[in-house]
Amino acid sequence: MNTPDFLKIAQKAKKMTVEEVLKALNVDPNRGLSEEEAKRRLEQVGPNEIPEKKVHPIVKFLSYFWGPIPWMIEVAAILSAIIHHWEDFIIITSLLIINGVVGFWQEHKAENIMEFLKQKLSLNVRVLRDGEWKTIPARELVPGDIVRIRMGDVIPADIKLIDGDFLTVDESALTGESVPVQKKVGAIIYSGSVVKRGEMTGVVIATGLHTYFGKTVQLVQTAKTTSEYQRLVINVGNYLIFLSIIMIAIMVLVELHRGMPFLKLIRFALVLTVAAIPAALPAVMSITMAIGAYELAKRQAIVTKLVAIEELAAVDILCADKTGTLTKNQLTVDEPVAWDGFTVEEMLFYAALASKEENKDPIDLAILREVDKEKLRKCKQLKFVPFDPVIKHTEAEVECEGGKRFRVAKGAPQVILQMANADEKLTKEVMAKVEELAKKGYRTLGVAVDRGNGWEFVGLIPMFDPPRDDSAETIKFLKRNGIRVKMITGDHIAIARQIAKILGIGRKIHTAEELEKAKGHELIHLCEEADGFAQVFPEHKFKIVKALQEAGHKVAMTGDGVNDAPALKQANVGIAVAGAMDAARAAADIALLAPGISVIKNAIVEARKIFQRMYSYVLYRITETIRVLFFVTLSILVYNFYPVTAVLIILLALLNDLPIITIAYDNVRINNRPEEWRIKEILTISTIIGSMGVIETFLLLWIAIHFLNLSPYSAGTLAILQTFIFLKLAVAGHLTIFVTRTRGPFWSIMPGKWLLWSAVGTKILATFIAVYGWGLAAGIGWAKAGLIWAYCIAWFFIEDLTKRAAYKYLDVRNKHHGGPTKAAF
């Protein structure tokens with residue numbers, strides 16, 4: 001068999017007929033490719049994906065030596081060489097390399113996690129192979145594959161349509177044209193566009209790099225979005241840099257006046273600046289977010305945008321779909337009601353003919369379970385119109401044994417009644433029955449048949465979708481922790497009220513009609529006080545989200561369909577529920593792999609934990625900068641000497657940054673209210689603890705000079721004094737981590753094992769370096785090291801007591817302003 005020239009076929013496919021394309025691709029539209037042939041073609045053309053441009057690991061590693069922070073350390077190393085301080089040059093260069101290795105490893109780990117998440121969200125497609133329809137990853141598609149495309153799908157490759165009525169396709173992401181275009185048999189649909197309506201079969205003509213637009217839509221976003229956390233930390237970083245420049249400028253002017261050699265002074269100033277600014281910021285941010293995303297994935301919630309983690313921690317309103325999220329989405333048929341002239345058996349048969357088993361729709365599957373499969377096989381669907389939220393029904397043209405043709409439909413009772421041109425009497429009877437069933441929690445479908453004389457109303461099929469076992473308890477849990485759940489459903493208001501009552505959501509359920517009438521402040525008030533909304537269309541979701549955001553709320557919205565995409569994008573956190581269409585997942589910030597509201601609860605809990613870790617990091621970073629920067633500057637101004645050398649400052653910065661990177665694994669306890677960045681609290685607490693650090697360190701310096709006879713002006717004792725102060729800063733710095741990570745006593749939350757042992761390990765390493773003077777000018781011995789440890793531990797308890805008193809004062813002060821409350825999780 002000759003191998004088709006796929007590239008030429010793709011180029012000419014637009015002008016070729018369906019038959020010509022199928023012949024050129026050597027495929028039978030009724031059987032599809034064989035698995036063996038598909039495998040051979042996959043080896044020939046490669047996977048259906050766009051290879052990412054990856055930076056070579058060596059280039060990426062070298063990038064850690066390029067930038068403002070590495071430049072400062074590099075200049076300090078060069079200046080050390082110029083003034084012939086070769087030991088300092090070797091140590092500074094070694095520490096620079098170590099810093100680069102640590103940063104490279106952290107980023108590599110974060111990238112691996114994001115790659116794992118991408119694989120979790122990979123597109124799947126329905127394909128015909130060896131005469132059977134099956135679902136495969138889109139990356140395994142090859143030219144010649146017969147595929148089924150339906151509403152909500154993101155087109156996985158360039159496809160020529162070969163069978164079906166029509167598709168309405170949104171190509172705006174590719175062409176910029178905002179109006180969806182209609183496609184029929186013979187037309188080509190391009191990779192990356194989204195199906196808005198319809199269902200058709202097509203043949204793949206191009207994949208991967210050979211698609212018309214040269215790329216596929218990726219669900220995991222690569223856009224660089226700046227979150228409130230990133231903005232806050234960047235601003236804090238800028239503030240610390242500004243503070244450093246002022247303090248160092250004062251030091252430089254004083255030292256130049258005193259006659260300090262310029263090169264030596266600049267070298268020290270550069271190194272002090274490096275110690276003052278948050279050098280570990282990028283690594284801490286990326287690894288904390290990425291590890292958090294991995295933890296969420298283990299709880300069946302896949303993050304498509306990392307910044308959504310912080311937004312999820314701040315959510316105070318969750319708008320949840322009833323079906324599938326609050327209920328089991330396991331529909332069962334209960335006592336159908338046939339209307340005049342029809343039997344229940346006939347009605348179920350007609351409803352089954354208006355269904356499509358391969359679509360795996362819960363309503364279709366529930367109806368198909370009630371009908372004899374053998375009887376169904378005697379009929380053939382000639383034409384099928386799938387359900388969409390606009391027409392609110394499915395419809396099929398059917399041919400049964402003997403060539404008998406007729407049409408069937410099922411859908412919302414009011415829509416079916418309109419199709420049947422029902423009179424006022426029939427409409428009242430039917431809707432009264434619908435109302436009666438809805439009060440019992442039943443969702444009702446209408447069924448109609450057209451046997452050649454127009455549509456006839458056949459009857460009603462009540463369906464029950466029971467609430468999930470964990471929904472009521474989860475809603476109580478969320479309410480206790482500051483999140484209000486609002487139920488959103490397209491079902492009848494009576495059903496919504498019944499389910500809301502069972503779940504304890506509330507009784508204030510409003511309809512789409514009320515939403516339409518309300519404007520401005522009235523709309524905002526309506527959305528705020530409502531416990532739920534019934535009979536809504538997807539476009540109403542956008543309106544609800546917008547109104548709640550205008551009232552100052554952080555809103556999470558669930559969705560599953562292509563028409564939910566605008567609301568999912570507008571929400572602070574868009575959540576695509578399990579089984580959502582590709583278009584909804586692409587628009588969402590988080591995609592759920594398992595159904596139910598408890599999955600969302602778990603995601604919120606995990607997001608708040610991640611937030612707390614980031615909060616602790618910001619608090620610690622400001623505290624440490626104040627402590628080191630102000631102490632060093634004050635010592636130079638008062639005693640006219642450098643309390644630590646440039647090498648010791650870089651070593652100190654490295655030893656402090658290693659444990660703080662592991663904060664991503666720390667144990668935390670979360671507030672029972674949505675999280676927010678309390679910048680006044682952060683600055684107040686960090687300033688108090690940082691100032692205490694300056695006082696305690698300066699006091700120890702005074703003791704060392706006046707009682708331990710470690711004079712800064714004697715060549716014999718200066719090096720010992722500097723090593724002495726280095727160990728004090730190292731030990732106290734690591735203990736500060738355990739002060740800043742809790743609001744209560746430091747022992748109230750057991751630290752994570754990685755944080756604990758990295759802090760203990762680096763403290764022990766710093767102690768041995770100071771005691772034996774490894775790489776330093778002088779060691780201090782075990783007696784002085786013991787004194788430092790005892791002194792630091794004593795002040796550690798004092799700092800912790802002071803911190804708790806400061807938090808207590810702030811909590812009392814903020815009580816009337818909705819301030820932070822006790823931890824709940």
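How many of the 825 residues of the protein chain count as buried? The figure is 55%. Keep in mind that this is a predicted model.

**The chain as a whole**

The protein chain is built with 30 helices and 22 strands. If you take contacts between residues at least 6 apart in sequence, 72% of them join residues at least 24 apart.

**Two helices side by side**

Two packed helices are described by the angle between their axes and the distance between the axes. Take helix 28 (residues 715-740) and helix 29 (residues 753-772): their axes come within 9 Å and cross at roughly 170 degrees. Angles over 145 degrees count as roughly antiparallel, so that is the label for helix 28 against helix 29.

Who meets whom here? On the helix 28 side, the residues in contact include F726, L727, V731 and F738. Helix 29 brings, among others, L755, L756, K763 and I769. Sorted by type, the residues of this contact come out as 13 nonpolar, 4 polar and 1 charged.

**A buried lysine**

Helix 30 (residues 781-814) holds K803. Is K803 buried or exposed? K803 has a relative accessible area of 1%, so it is buried. Leaving out residues up to four places away in sequence, K803 touches I685, I689, V739, T742, R743, G744 and F746.

**Aromatic rings**

A search of the whole structure turns up 21 aromatic pairs. A pair of aromatic rings is described by the distance of the centres and the angle of the planes. Here are two of the pairs:

| Pair | Centre distance | Plane angle | Class |
|---|---|---|---|
| F349 and Y350 | 6.2 Å | 45 degrees | tilted |
| F768 and Y772 | 6.0 Å | 25 degrees | stacked |

F349 and Y350 are both buried. They also belong to a cluster, in which ring pairs link F342, F349, Y350 and F406.

The other pair takes us back to helix 29. F768 and Y772 are 4 residues apart in that helix, so about one helical turn separates them. F768 is partly exposed at 30% relative accessibility, and Y772 is also partly exposed, with a relative accessible area of 48%.

**A tryptophan in a strand**

W133 sits in strand 2 (residues 132-137). With a relative accessible area of 35%, W133 is partly exposed. Which residues does W133 touch, not counting residues up to four places away in sequence? They are R126, V127, L128, I146, V147, R148 and T201. W133 and E358 are 225 residues apart along the chain, yet 8.2 Å separates their C-alpha atoms.

Most residues other than glycine have a negative phi. You'll find N26 in the loop between helix 2 (18-24) and helix 3 (35-45), and at 36% relative accessibility N26 counts as partly exposed.

N421 has a positive phi too, near 50 degrees. The loop between helix 16 (413-419) and helix 17 (424-439) is where N421 is found. Is N421 buried or exposed? At 69% relative accessibility, N421 counts as exposed.

Definitions and conventions:
Residues numbered from 1 in each chain as written. Predicted model: local features only at pLDDT ≥ 70, side-chain atom pairs only at ≥ 80, totals over all residues. Heavy atoms only, no water. Axes fitted to C-alpha atoms, helices over the stretch in contact; angles between N-to-C directions. Helix = DSSP H or I, 4+ residues; strand = E, 2+ residues; numbered from the N terminus. Parallel < 35°, antiparallel > 145°, perpendicular 65-115°, else oblique. Contact = heavy atoms within 4.5 Å. Nonpolar A, V, L, I, M, F, W, Y, C, P; charged D, E, K, R; others polar. Buried < 20%, exposed > 50% of the residue type's maximum accessible area, 1.4 Å probe, protein only. Phe/Tyr/Trp six-rings, centres within 6.5 Å; stacked < 30°, edge-to-face > 60°.
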